[in-house]
Amino acid sequence: MSVRPPKSPPSPSSSPPAKKTTIARLAELRASGTPITVLTAYDFPTARACSAHPVDITLVGDSLAQVCLGYTSTTRLTLDEMLHHCRAVARGSTSPHFLVADMPDTVLAAVRMIQEGRVEAVKLEGGEEITQMGIPVMAHIGLLPQRHTSLSGYRVQGRTAESAGSLVRAALALQDAGAFSIVLEAMPSQLGAYITEQIKIPTIGIGAGPRTSGQVLVWDDMVGTWSGHKAKFVRYFGDVRKEVASGVAAYVDAVRDGSFPHPEREGYTMDHDEWEKFLLAEGKSGWTWSSKENPTTITGAAQKAMTREGQEPMTGENHSASHPGESQRVPRSYA
């Protein structure tokens, strides 16, 4: 695995740079009727993917407890674990999207999320308990994964007149408490549309129908890598799990049949004269590499031919060698 960073950030298109997503920008999108895009990210690679095709909000969701850490519930996630993933996502965020993180702990932990996790806002499940701390808060009503036990499981909310009224009142209270946006999860589509019209801040739907201000999906649901229960509101926009399975199988086959790595295209060589000098010093003049496990033989003539073709080994940042022909060190990751 190469540990060297890319020479420059990827440039996915020649279009003008996107505007920095701010709370004011989100309000503008809502007012203009432009749907707000939100995706979860859990690490450097997923953050870079969100940056390459800019979404408006990247959310470090507490769903990482299940899709990344193998916990059975989001309630098992600790604040320190959340901070670890927030920092990784922040490092991979190169586009002007807004970075939000779920709060797996008390509201008082919000300060650590901002200072240590390098996020711009926090998301809280509930409720009128939001306090004014000077930290941007995205609220969350409907199905609350962190409270699934008290809600008798992962169930659609707001299906009765009474519960629908409670959700409307909660949304209004959260708006008055200072939330800049509200996630509406797992509720009837018409209720999602009604709440969106009743409040003045953006709503982000996940299983709340198409008439919210925007939509969010969990990364692993969106790309099709999650092997657990598929919620009704999930749509696969890719089949990454199939591609991963195919890639792993092909890799294993190539290693076992000896076709990977190719000694020339995927390997390094040494100056022929230096190699002969080495073999002479070892008392193994004329030695060639040949075995039953890998019948490929790199002869001195082949190495000479590779040198004539101008093939050079990959090297680290230091491209100077203390002696001509000396192999240069190659950076390695032992992941």
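User: Leaving aside neighbours within four places in sequence, which residues is Ser-95 in contact with?
Analyst: This is a predicted model. In it, Ser-95 is in contact with Cys-50, Ser-51 and Pro-54, once its neighbours within four places in sequence are left aside.

User: Where is Ser-95 found?
Analyst: Ser-95 is in the loop between α4 and β3, the latter being residues 98–102.

User: Does Ser-95 count as buried or exposed?
Analyst: Ser-95 counts as buried, because its relative accessibility is 13% and the cut-off for buried is under 20%.

User: Turning to α2 and α4, at what angle do they pack?
Analyst: Helix α2 (residues 44–52) packs against helix α4 (residues 79–92) at an angle of about 40 degrees, and their axes are 7 Å apart. That angle makes α2 oblique to α4. The crossing of the two is right-handed.

User: Which residues meet there?
Analyst: From α2, Phe-44, Ala-47, Arg-48 and Ser-51 meet Ala-88, Val-89, Arg-91 and Gly-92 of α4. By type, the residues of this contact are 4 nonpolar, 2 polar and 2 charged. Ser-51 of α2, one of these residues, is also among the contacts of Ser-95.

User: Next, α6 and α7: how do their axes cross?
Analyst: The axes of helix α6 (residues 161–177) and helix α7 (residues 189–198) come within 10 Å and cross at roughly 30 degrees. α6 is therefore roughly parallel to α7. Their crossing is right-handed.

User: What makes that contact?
Analyst: On α6 the residues are Ala-164, Leu-167, Val-168, Ala-171 and Leu-172, and on α7 they are Leu-191, Tyr-194, Ile-195 and Gln-198. They divide into 8 nonpolar, 1 polar and no charged.

User: Why would residues three or four places apart point the same way in an α-helix?
Analyst: An α-helix has 3.6 residues a turn, so residues with that spacing point the same way.

User: Finally, how many helices and strands does the protein chain have?
Analyst: The protein chain has 11 helices and 8 strands. Of its 335 residues, 39% count as buried. Among contacts with a separation of 6 or more, 50% are between residues 24 or more positions apart.

Note on methods:
Residues numbered from 1 in each chain as written. Predicted model: local features only at pLDDT ≥ 70, side-chain atom pairs only at ≥ 80, totals over all residues. Heavy atoms only, no water. Axes fitted to C-alpha atoms, helices over the stretch in contact; angles between N-to-C directions. Helix = DSSP H or I, 4+ residues; strand = E, 2+ residues; numbered from the N terminus. Parallel < 35°, antiparallel > 145°, perpendicular 65-115°, else oblique. Left-handed = near helix turned anticlockwise from the far one by under 90°. Contact = heavy atoms within 4.5 Å. Nonpolar A, V, L, I, M, F, W, Y, C, P; charged D, E, K, R; others polar. Buried < 20%, exposed > 50% of the residue type's maximum accessible area, 1.4 Å probe, protein only.
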